[in-house]
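Please keep the sequence and the structure in view while reading.

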Amino acid sequence: MSTERDVFEYALVRVVPRVERGEMFNAGVLVYCRAKSFVAARTHLDEAKLRALDPGADVAGVRAALRAVEGVCGGGEAAGQAAGDDAGRRFRWLIAPRSTVVQPGPVHTGLTADPEAEVERLLDLLVR
């Protein structure tokens with residue numbers, strides 16, 4: 001197994017059910033590793049948290065927005081207009097600030113030998 005590690009960037013994907021209140025919780029993670037041309041997102045919606053912050057929340061809409069984030073990372077047809085963009089452009093588009101129910105958090109960096117494993121590790125550590 002290689003011990004070579006590469007720099008990666010990550011951002012949490014947050015759900016802000018009522019933007020005017022600013023209450024949020026983590027529902028996913030985005031990971032980008034330039035050296036590997038890798039970008040991926042994994043999401044996990046805690047429906048109980050969503051309902052606690054907004055009993056009338058559009059659960060199906062939030063799930064669709066989270067699936068869209070994963071789709072953009074995956075590229076291809078699921079990425080829509082970003083389909084032809086490289087991994088870095090897709091990541092930068094996803095981390096751009098938004099005032100919507102599903103928002104990116106700040107970008108952090110680290111070192112990893114396995115970006116795919118890093119996505120799962122961060123999801124378990126910071127989201128689930």
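Which residue in E4 is the bridge partner of Arg 14? The bridge partner is Gln 103. The model is a predicted one, in which local features need pLDDT of at least 70 and side-chain atom pairs count only at pLDDT 80 or more, while totals for chains, interfaces and linings use all residues. Residues are numbered from 1 along each chain as its sequence is written, and side-chain values use heavy atoms, with hydrogens and water left out.

The elements named here are DSSP runs, numbered from the N terminus: helices are runs of H or I of at least four residues, and strands are runs of E of at least two. Two strands are taken to pair if DSSP finds at least two bridges between them. On this basis, four strands make up an open sheet in the order E3-E2-E1-E4, with antiparallel pairing. Its edge strands are E3 (38-43) and E4 (102-112), each of which pairs on one side only. On average, neighbouring strands of this sheet are turned by 20 degrees against each other, direction ignored; the axes behind such angles are lines fitted to C-alpha atoms, for helices over the stretch in contact, and the angles run from 0 to 180 degrees between N-to-C directions.

The pairings can be followed across the sheet. Strand E1 (residues 6-15) pairs with E4 in the antiparallel sense over nine bridges, and Val 15 stands opposite Val 102 in E4. Towards E2, E1 is joined by seven bridges, again antiparallel. Here Arg 14 stands opposite Asn 26, and Leu 12 has Val 29 as its bridge partner in E2. Val 29 also has a bridge partner in E3, namely Arg 42. E2 and E3 run antiparallel and are joined by six bridges; they form a hairpin with four residues between them, and Ser 37 in the turn has a positive phi of about 50 degrees.

Burial is considered next. A residue is buried under 20% relative accessible area, exposed over 50% and partly exposed in between, for a 1.4 Å probe and protein chains only. Eight of the ten residues of E1 are buried, so this strand is largely enclosed by the rest of the structure.

Helix H2 (residues 59-74) has 16 residues, which at 1.5 Å a residue should span 22 Å; its end C-alpha atoms are 23 Å apart, which agrees. The expected span is 1.5 Å times one less than the number of residues. Among the buried residues of H2 are Val 59, Val 62, Leu 66 and Val 69. What covers the buried residues of H2 includes E1, E2, E3, helix H1 (47-53), H3 and E4, contact meaning heavy atoms within 4.5 Å. Just after H2, Gly 75 takes a positive phi of about 75 degrees.

Two aromatic pairs are found in the whole structure. Rings of Phe, Tyr and Trp (its six-membered ring) pair if their centres lie within 6.5 Å; planes under 30 degrees apart count as stacked, over 60 as edge-to-face and the rest as tilted. Tyr 32 and Phe 91 form a stacked pair, 5.3 Å centre to centre with 20 degrees between the planes. Tyr 32 lies in E2 and Phe 91 in H3, so the pair ties together parts that are 59 residues apart in sequence. Tyr 32 is buried, with a relative accessible area of 10%, and Phe 91 is buried at 0%.

Pro 104, in strand E4, is buried with a relative accessible area of 15%. Its C-alpha atom is separated by 9.5 Å from that of Asn 26, 78 residues apart along the chain. Leaving aside neighbours within four places in sequence, Pro 104 is in contact with Leu 12, Leu 94, Ile 95, Ala 96 and Arg 98. Arg 98 in turn lies over the face of Trp 93, at 4.8 Å from the ring centre; a charge sits over a ring if NZ of Lys or CZ of Arg is within 6 Å of the ring centre and within 35 degrees of the ring normal.
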